Each structure stands twice: as structure tokens, then as C-alpha cells.
Protein chains: 2
Amino acid sequence: MAVYYPVLSQSLPARGSCYFPLSYCIRDSKRRRRSNIVFASNEKCNTLNVKVDKLLDRIKWDDKGLAVAIAQNVDTGAVLMQGFINREALSTTITSRKATFYSRSRSTLWTKGETSKNYINVHDIYLDCDNDSIIYLGTPDGPTCHTGSETCYYTSVFDQLNDEEAAGSKLASTTLYSLESTISKRKEELTVPQEGKPSWTRRLLTDDSLLCSKIREEADELCRTLEEKEENSRTASEMADVLYHSMVLLSKRDVKFEDVLEVLRKRFSQSGIEEKNNRTKQE
Amino acid sequence: MAVYYPVLSQSLPARGSCYFPLSYCIRDSKRRRRSNIVFASNEKCNTLNVKVDKLLDRIKWDDKGLAVAIAQNVDTGAVLMQGFINREALSTTITSRKATFYSRSRSTLWTKGETSKNYINVHDIYLDCDNDSIIYLGTPDGPTCHTGSETCYYTSVFDQLNDEEAAGSKLASTTLYSLESTISKRKEELTVPQEGKPSWTRRLLTDDSLLCSKIREEADELCRTLEEKEENSRTASEMADVLYHSMVLLSKRDVKFEDVLEVLRKRFSQSGIEEKNNRTKQE
């Protein structure tokens, strides 16, 4: 006999019912996976309950029964938002694979996206060394911030202190996405005449032949660092050139680096869970 | 008359003394920058104190006077650790540019690295839309976790639930670094005879000529998506091929993708602050 649980159910009590990672059920039986419904036998369900409870017991909940949860984009690494979780929020996320938090102001569970439909689809969850902080590693269905911004972190403290006009509209970007954003700005500048120093990026953006010859040249130079056993630092430098020039081409073609990473993730399967599923399918 | 403050001082009171971002002082006068010492005039100092206080007032401190702080690697996007901050911790970080937190267990300020010397050098700080969570975007001097792990997030919840042997030793990696890690595993496998399906990555790792011809070929195919106006999805796919094959070459040469990003960051200057400094130097 099988019991079933709607994946998005938020009414699961913190203990005593059946919550378990989807991957486990798939391994158990492919037939038990039906779109949003997960099936499991009572026996398996009980075993998993025990495991999840043990894991929830391991977390150092604070005096209010809460821990910190950080939602991070599995492709770009962008920190999307940060909230708090209680036992129920974490067990719901484990079951539903939609990032779920506990709202301290409303004293209630909430799944990011329940109103906007911009869910964060959780691929894996990580505990920190102190067991009081977790990461939801996932793919967002759309902008995460209620303001419509891609992430909630768009106010630079140093820009604020320097009275920058841009303060409050610059996302907390890591190196690759700062570069992508710079290239994107140069592309926008093409529509208005520029004063001052000419930009190499703008030149590449307007000359396909130059751009492509640079990409081919840099790829060749990267290879030659291996073929001619050059210094390792040369390899890093040539790879930086390959990346930069390729990213100008991506910008020309309106392709985001994130799109490339999505291709890679799907091709190589990002998480252990996915690897496991693939292994199960092959078996 | 100039007053000076050691950059690493943690004895700054939360209000009333002079704390300010380094960049501001550099703009003020190059001569005022002396390794770890920052100089500013009293007048400038007062203006900055007001600004920093205003910013600290804006943060929604909880009933214990705390907010969440997430330290993130500016190059890789890896979440290094998460702690809490009070006014003093944040103002100290703004001044010192070393990620500083408030320890709830020890009721004291602490700068990550004060014992291990593995500081996190803060390039920028971001506030979230609710003003109760911040990101320290920085470069770590070494492993962040007290266990010696690169980050504190190395325990996968789903691995734990699936009784994986690897549970507890897999870093929360985003797509690019999962791929890097997979390539690295294939490289290790070269030393022992493998059963089962041959791996394309292993083959590339043992055949420089094949690897280099693939990199040149994929770079050429990427260019042709522009030259021959192919679908955008083809561009993403070809760029994924360029990346993957180049990353195999990086692995062969013991170069980390992080090293490449460091080159890019230094070349294109990651943060607005650095851009500003460069502008100041040119003026």
C-alpha cells in the first residue's frame, strides 16, 4: 500500500508524517514519481522520517527555534535572498524542493514564490560546520526580490558612503558577472557617441571579424601554453583572454553566461542527486 | 592636522570616532595611504562618521542588536561562512576591510582570521532590500572554516539522507566548480585502471593533441554561430563546449578556474571602489 503527499504541501507537521527527498523515491521505483506527487511505502516512509528527524535534531536551533537559510543560485552563485527556517520550513523544503522559510514577522511558514510564482527550485541543501546555518542551492523561476530585482542584495554600502548615483541599483556581483555587466554597459553605449578614451570592448562589439579573429587567436594561445609547456600563470592569463572575448560574443548574441552554465549543468548534472538519478536510470 | 587610525583596529567604538572606507581616503590624497594606516582630516572624518552612522541607523537590528552577515568569495561566488554583526562589527569591517562579526556565544567582536590569519578581505558590502542582512564580498586569504575546509558548507543534506559515504565532505559548489571538481576526479582516476564506460574527460586528459584540437575546434564553432547567424541556443551550447574543454586544459596545467577569475578581476577591476581608485590614479 502506498501513501502519497502533494509535493507543495506546507501542512506537513514537523514530526510524524512522511517527508523525504525526491531522489530517494525515484531510486525506490520510477513508477512512484508522478509529476507533483511523490509515493512511498509506509515502511520506506518510516525509515526516512527517522532519518529526517535525526537530521533536524542535529541542527542547532536558536532560542526561537530558528536557523539561518541562504538561497543561492546553483549556476551563478548569486546569493538570492536570506531568511530563517524552523524545523517545519526545512522539512517542507526537503519534501517539496521549493525553498521554504519561516516568517518572523508573520509567524508563519512561507514558500518563496507562493504568491509571485517565482519559486526557488532546490537542488541540494548544505549545513554549515556549526549546524546552525544552511544553504538552499537552487534555480530561481524568476526574480527573487519582491522589488523585481534578481536578488535582494542591490545596495552597495561603499557606493552609499561615496554618494554614488548608482547606489541602490548595483547587484552584489561576483567577478564574472561584474565583467558581464561591464560588457553590457559598453554595448548600451554604442547607441550614443562617446567621449574620451576609446573602449576595446566597444570596438570588439562593432567588428565581428576582429572579435572572431581574437577568439580564435586566444584559444590558440591557450593551447600553446600546454603544447609549449609555458608557465602556469600564462595559462590563467590566456584563459582569461578566451573568457573575456567569448563573453563579448555572448553579449553580441544576447546570451547570458547563466544560459551557458545551464547547458553545462544539464549536460554534466550538477548535483549528487542528479548524478544518482542518472545512475539509477542506467541500472 | 591629520588623525590616523590603524586599519586593523577593532577597538573603534560604534559611534563618535572616525571610520570610513579606504577608497575615500585615497581619493582625498595619495600620500594619506600608508600600508595599514589611513589618514583623514578631522573635517572629512566628521562628514564620514555622519554618513556611516546614518547607514548603520538604516539597518534593522533585531531585538539583540544583530543582523545576519554572509561572507562570499568575490571570484567564485562561494558562500564562505555566515555570522552575525552588530553596529560595531559592521563599522569595523567598513574601516578595516577585514570581515568582522559579533560572536553570540562569546559576546564579543571577532575578525575572521585574527587567529588563523585567514582573513576575508572585503571588496564591497551589500545590504538586502529589508536592511537586515548583508553580504561581505571578498577574497579569503586561505580556508575559511576552522576545520580547514575552504568554506563552512560541506555537509549535503540529501547525501546524509541517502547515507552517502561522501556526506560531510562535498562542498556546496555551483555549476562551474562542480564541473571543475568532476574533471579533477577524472584526473585522479588516471592513476588507477578504470572499469566500465570510458570517460571522454579522461581521454582528453591523456591526449594533449586531441584536447588542443577540440579547444580550437570549439572556439571556431562558437565564432561561426556569430558569423553564420545561428540560433542563440547554439551560441550557449558552443560556449559550454569551449568552457568544458578549456577547463580540462586548466586541470592538466593545475590551474584553478579561480586563478583565471583573479586575473580577470585585477584586469577589469571588480568593484566600483577599485574602478574609482584607478580613476583617481589617472587624474
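**Exercise 1.** Is Lys117(B) buried, partly exposed or exposed?

*Solution.* Start with the conventions: this is a predicted model, in which local features need pLDDT of at least 70 and side-chain atom pairs count only at pLDDT 80 or more, while totals for chains, interfaces and linings use all residues. Residues are numbered from 1 along each chain as its sequence is written, chains are lettered from A and ligands numbered from 1 in the order in which they are written, and side-chain values use heavy atoms, with hydrogens and water left out.

Next, the scale: buried means under 20% relative accessible area, exposed over 50%, and partly exposed in between (1.4 Å probe, protein chains only). Lys117(B) has a relative accessible area of 48%, so the residue is partly exposed.

**Exercise 2.** Find which backbone angle stands out at Lys117(B) and at Ser107(B).

*Solution.* Most residues other than glycine have a negative phi. Yet phi is positive at Lys117(B), about 70°, and at Ser107(B), about 50°. Ser107(B) is exposed, at 52%.

**Exercise 3.** Work out how chain B is superposed on chain A.

How values were computed:
Copies are superposed by least squares on the C-alpha atoms of residues with pLDDT of at least 70 in both.
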